[in-house]
Amino acid sequence: MAADNSTGDLHAAGLQLNTADITIIAVYFALNMVVGIWIDLYAGALFVHICLGWNFYLSTTLMLVVMALYTIAGGLAAVIYTDALQTFIMVVGAVILAVKAFNQIGGYDQLEAAYAQAIPAKTINNTTCHLPRTDAMHMFRDPYTADLPWTGMTFGLTIMATWYWCTDQVIVQRSLSARDLNHVKASSILASYLKMLPMGLIVMPGMISRALYPDDVGCVVPSECLRACGAEIGCSNIAYPKLIIELMPTGLRGLMIAVMMAALMSSLTSIFNSSSTLFTMDIWRQLRPRAGERELLLVGRLVIVVLIGVSVAWIPILQGSNSGQLFIYMQSVTSSLAPPVAAVFVLGIFWRRANEQGAFWGLMVGLAVGAGRMVLEFLHPAPPCGAPDVQPALLGSIHYLHFAVALFVLSSAVVVSGSLLTPAPQGAQIENLTWWTLSQTLPLGAKAGDGQTPQKQAFWARVCGFNAILLMCVNIFFYAYFA
């Protein structure tokens with residue numbers, strides 16, 4: 001792509017985008033990053049609130065101050081090295097915590113029975129929201145009435161996972177910093193192995209937390225929830241921090257708190273940096289083509305300040321959204337924003353006929369439809385326990401994971417239609433950019449000038465391929481086991 005500074009337009013392989021078009025695209029991707037900022041800020045503030053008992057806003061301010069110092073002092077290399085060390089410490093700490101938690105209830109065999117009895121002492125009459133779900137140990141749940149229908153878990157979450165792991169800036173940035181393609185593959189394989197751990201190290205200990213502390217984690221009465229976590233709608237979010245505070249020995253407790261806070265701030269620094277760069281380079285530079293480096297630097301810092309202010313103001317909305325469950329909030333918002341990007345990415349990789357016009361209109365239509373549902377969710381949040389459900393039919397009858405599938409199909413249809421109605425891209429424009437036009441001149445995983453032999457590159461490529469197949473088999477086994 002080449003920018004024409006005299007007109008403020010962008011010429012992208014046959015498609016001319018004006019400033020308004022660039023702004024819309026930039027805002028679309030900024031929305032995805034801002035969602036991450038809100039979630040990370042809230043999670044960090046909640047963690048400090050549970051561990052230290054500080055006010056939510058004081059906890060948030062503390063996080064932002066430390067994060068600002070961390071951002072100024074280090075760069076991407078510092079973040080990556082710090083993340084690697086934090087990952088090791090978090091895994092070790094999570095294993096210790098999981099062992100202690102399972103010992104508290106008598107082992108894995110007692111988990112289902114212990115969770116079924118996790119009923120708070122104070123309940124709301126003529127309701128069942130205080131009762132643990134009977135299908136809590138199953139992943140294949142009813143597609144119509146379940147909180148996480150199996151159809152949505154299988155297809156909807158796959159779409160959102162494709163968006164995150166293949167297009168999210170934080171993941172892509174780290175992949176681009178690798179030495180060669182085999183290192184990228186190996187890092188993805190390692191991340192996949194680590195991704196299998198949360199079921200046993202986070203999800204099940206979270207269930208144990210409710211079994212051990214039902215009056216706090218499983219509260220339904222607003223006054224009790226306000227006492228336990230500062231939010232009237234529910235306290236599911238404190239399950240894991242509660243276990244750390246109650247079960248971990250003093251030294252390990254402090255280490256786990258420090259590492260988890262550092263990991264959250266590392267994520268925030270990446271998102272803030274990306275948001276600032278996106279605004280200054282894709283929006284401000286289009287509005288002011290002659291802006292100097294000093295002006296761009298100042299604007300970037302002001303953008304971060306604005307994002308921080310909006311994020312702090314958003315905390316009360318997060319506290320009262322989706323029954324107080326941060327995971328549900330994150331997935332419901334992502335289901336409104338991620339499917340169009342995933343559709344463009346998948347079609348761009350596997351369909352040679354896809355072009356810029358189709359991708360642009362697919363994103364725009366997806367943005368309009370997804371943003372519409374997201375606004376409805378904010379205006380009509382899920383009712384608290386015992387309150388009548390007055391949500392619109394679009395929210396009540398279509399699960400957010402099912403909506404993700406529908407939005408993906410809609411966006412894909414728009415991309416295909418727009419591409420077929422406009423000229424096809426030329427061969428030179430898609431060379432090495434789609435699955436079918438990859439160059440075969442270099443061995444798989446090789447990088448020009450890396451000094452490694454083709455045999456060595458091919459060997460490590462086969463090792464990565466074998467581990468990828470092994471990972472799929474293991475995941476299918478666990479998926480079937482817990483189905």
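## The nonpolar core

The largest nonpolar core in this predicted model has 78 residues, and those with the most contacts inside it are I37, L97, L111, C235, I238, I244 and F272. Helix α1 (residues 19-52) gives the largest share of this core, 10 residues. Here a nonpolar core is a set of buried Ala, Val, Leu, Ile, Met, Phe, Trp, Tyr and Cys residues joined through side-chain atoms within 4.5 Å. Buried means under 20% relative accessible area, exposed means over 50%, and partly exposed lies in between (1.4 Å probe, protein chains only). As background, nonpolar side chains tend to be buried together in soluble globular proteins.

## How to read the model

This is a predicted model in which local features need pLDDT of at least 70 and side-chain atom pairs count only at pLDDT 80 or more, while totals for chains, interfaces and linings use all residues. Residues are numbered from 1 along each chain as its sequence is written, and side-chain values use heavy atoms, with hydrogens and water left out.

The score pLDDT is the predictor's confidence in each residue, from 0 to 100. Its average over the protein chain is 80, and 83% of the residues score at least 70. Where is confidence lowest, and where is it highest? Strand β1 (residues 2-4) has the lowest mean, 38, and helix α18 (residues 400-420) has the highest, 95. Over residues 1-16, pLDDT stays under 50, and the model has 31 contacts beyond four places in sequence for this stretch. Where pLDDT is low, the predicted coordinates should not be read in detail.

## The chain as a whole

The protein chain contains 19 helices and three strands. These are DSSP runs numbered from the N terminus: helices are H or I with at least four residues, and strands are E with at least two. Of the 483 residues in the protein chain, 41% are buried. The chain exposes about 24,900 Å², and carbon and sulfur atoms supply 67% of that area. Accessible areas come from the Shrake-Rupley method with a 1.4 Å probe; for residues, only the protein chains shown count as cover.

A contact means heavy atoms within 4.5 Å. Among contacts in the protein chain with a separation of 6 or more, 73% are between residues 24 or more positions apart.

## Salt bridges

A salt bridge is a side-chain nitrogen of Lys or Arg within 4 Å of a carboxyl oxygen of Asp or Glu. How many salt bridges does the structure hold? There are 10. One of them pairs E224 with K122, with the closest N and O atoms 3.2 Å apart. Because E224 lies in helix α10 (residues 222-229) and K122 in the loop between α4 (111-116) and α5 (150-167), the pair ties together parts that are 102 residues apart in sequence. E224 is buried at 16% relative accessibility, whereas K122 is exposed at 51%.

D216 and R227 form another salt bridge, their closest N and O atoms being 2.9 Å apart. D216 sits in helix α9 (residues 214-217) and R227 in helix α10, so this pair links parts 11 residues apart in sequence. D216 is buried, with a relative accessible area of 15%, and R227 is partly exposed at 49%.

A further salt bridge joins R373 to E377, with 3.4 Å between the closest N and O atoms. R373 and E377 are four residues apart in helix α16 (residues 356-379), which means about one helical turn separates them. R373 is buried at 2% relative accessibility, and E377 is buried at 15%. Salt bridges that share partners also join K122, D216, E224, R227, K242 and E246 into one network.

Helix α19 (residues 454-481) has 28 residues and reaches 41 Å from its first C-alpha to its last, close to the expected 40 Å. The expected span of a helix is 1.5 Å times one less than its number of residues. In α19, Q457, A461, C464, N467 and L471 are buried, and the buried residues of this helix pack against α7 (181-195). Helix α8 (residues 198-212) has 15 residues and should span 21 Å, which agrees with the 19 Å between its end C-alpha atoms. Buried residues in α8 include L201, M204 and P205.

G358 is found in helix α16. Is G358 buried or exposed? G358 is buried, with a relative accessible area of 0%. Leaving aside neighbours within four places in sequence, G358 is in contact with V414, V415, G418 and S419.
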